[in-house]
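Here is a short report on one protein model. Keep the sequence and the 3D view open while you read.

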Amino acid sequence: MASPPLSCPVSRAFRCAASVFLTVLLTVVGWTAAPAPVAAAAHPRFLLTAGTASMGISVLRVDEDATLSSVAGSPFPTGFGVLSLVVAPDGRTVYVPHAGDFGVSGYRLDDAGALHPIPGADITVGGPPTAATLSPDGTLLFVVVGGAPGHVESYAVTGTGALTPTGAPSVPVDGFSAVGMARVDPSGRFLRVVTYLGNTLSNYAIQPNGTMIPLGATAVELGPVAPGFTPDGRYVYVSNEFGFDLSGFAVGDNGQLTPTPGSPYPTHGVPHGAVPTADGERLYVPNAMGQSIAGFTVHDDGRLTELPGSPYAGPGGTLPGQVALHPDGRTLYLIDVLTAQVTTRVHTYTIRPDGSLTPSGRPAVDTGVIMSDGPVVALTP
């Protein structure tokens, strides 16, 4: 997230590849030799990026060597004002809230990379939706609706991907939450919502039926956006755009948050969301203002220390908005929030063995969408 409520043009400042194994056994009378199995066919991987200002979702194919290429028909149309994009665990179900018309839309991603609207997944909520987040099993969708105060609504996800209200009451978000961002803990037990124009992180316990029980608010620095969890769920890091730093918290068994040693941690710019590596040992943060990527080592106690050479320079003429990490552990994608080239580009970096970053030398890839503001980037499993 990078904008003040719907009007600021720029911030201030989706694990394993899903596979289908098909074994064909030919049995012919008189055969004595076992037939050879048909080779496994892996689903392709895609990088999705929404355009906050262009009413579209870009889809780029990600090859095994991490090369990006355009998908026919991309970008695909959606509503105006997308500030969040989320991909379900199946890697093929996609939801985006669009604040311009108070809507949330669901899409099915096919193996060619095309997005198709899901019947019953185009809904209207009670205000401008600024964020959507799924439970880890993909059965519940939580939508943050901006306001003063804002609130959170919950929806059940059917087997087809359609959305139906859970019937649970909406819950208010603490403070002035015109542009709230949200994540569900990897355990699926808790929901966290940060308020961009406040300095709070609202916490909720999630019941199986989608009911959210408020647990109170945690103080963070001013301008918090896009909470990022380590994969084991032990730690969460909140980017503070107006504080130029990250607030780190250890997550207790009861959901209580305790600051990690040394928190907050300077990023040397306006941070735009913390993305930990799959092993949880490192963490990368794009700095929109500061035009760089900050890198950290995540210690056993949740403390962060800077990686060698951090922060790493971003490309010229752009404001770094989001990062996505390839499962190979050696590739980082940097996505613009705004750029002098108008449409959002994806830049590729190589992750060295020590965690430091260097440009890959590959050309930037044009997404065709404009202004990718907020957690609007997802890499499918």
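The side chains of Thr195 and Thr200 are joined by a polar contact of 3.0 Å. A polar contact is a pair of N or O atoms within 3.5 Å; within protein, one must be able to donate a hydrogen and the other to accept it, and residues adjacent in sequence count only if both atoms are side-chain atoms. Thr195 belongs to strand E18, residues 190–195. Helices (H or I, at least four residues) and strands (E, at least two) are DSSP runs, numbered from the N terminus. Thr195 is buried, at a relative accessible area of 0%. Buried means under 20% relative accessible area, exposed over 50%, and partly exposed in between, with a 1.4 Å probe and protein chains only.

This is a predicted model: local features need pLDDT of at least 70, side-chain atom pairs count only at pLDDT 80 or more, and totals for chains, interfaces and linings use all residues. Residues are numbered from 1 along each chain as its sequence is written, and side-chain values use heavy atoms, with hydrogens and water left out.

Strand E18 sits in an open sheet of four strands, ordered E17-E18-E19-E20 with antiparallel pairing. Its edge strands are E17 (180–184) and E20 (212–219), each pairing on one side only. Neighbouring strands of this sheet are turned by 20° against each other on average, direction ignored. Axes here are lines fitted to C-alpha atoms, for helices over the stretch in contact, and angles run from 0 to 180 degrees between N-to-C directions. Two strands pair if DSSP finds at least two bridges between them. Strand E19 (residues 200–206) and E20 have seven bridges in the antiparallel sense. Ile206 has Met212 in E20 as its bridge partner.

## The chain as a whole

The protein chain has zero helices and 36 strands. Of its 381 residues, 55% are buried.

Mean pLDDT is 89, and 89% of the residues reach 70 or more. Over residues 1–41 the pLDDT is below 50, and this stretch has 83 contacts in the model beyond near neighbours in sequence. The pLDDT is the predictor's confidence in each residue, from 0 to 100. Contact means heavy atoms within 4.5 Å.

## Strand E33 and its partners

Strand E33 spans residues 343–351, and eight of its nine residues are buried, so the strand is largely enclosed by the rest of the structure. With strand E32 (residues 331–339), E33 pairs in the antiparallel sense over five bridges. Thr331 has Thr350 in E33 as its bridge partner. The hairpin of E32 and E33 has three residues between the strands, and Val342 there takes a positive phi near 75°.

E33 also pairs with strand E35 (residues 365–370), antiparallel over three bridges. Arg345 stands opposite Asp366 in E35. A further antiparallel pairing, over three bridges, links E33 to strand E34 (residues 357–359). There, Tyr349 has Pro359 in E34 as its bridge partner. The hairpin of E33 and E34 has five residues between the strands, with Gly355 at a positive phi near 95°.

## Ser58 and its surroundings

Ser58 lies in strand E4. Ser58 is buried, with a relative accessible area of 0%. Its side chain reaches the backbone oxygen of Thr367 at 3.4 Å. Leaving aside neighbours within four places in sequence, the contacts of Ser58 include Leu47, Ser74, Pro75 and Val369.

## Backbone points to check

Two peptide bonds deserve a look. The bond from Ser74 to Pro75 is cis, with omega near 5°. Pro75 is in the loop between strands E5 (68–70) and E6 (76–77). The bond from Ser263 to Pro264 is also cis, with omega near 0°. Pro264 is in the loop between strands E24 (257–259) and E25 (265–266).

Ala66 has a positive phi near 75°, in a residue other than glycine. Ala66 is in the loop between strand E4 (56–62) and E5, and is buried at a relative accessible area of 0%. Ala226 has a positive phi near 40°. Ala226 is in strand E21, residues 224–229, and is buried at 10% relative accessible area.
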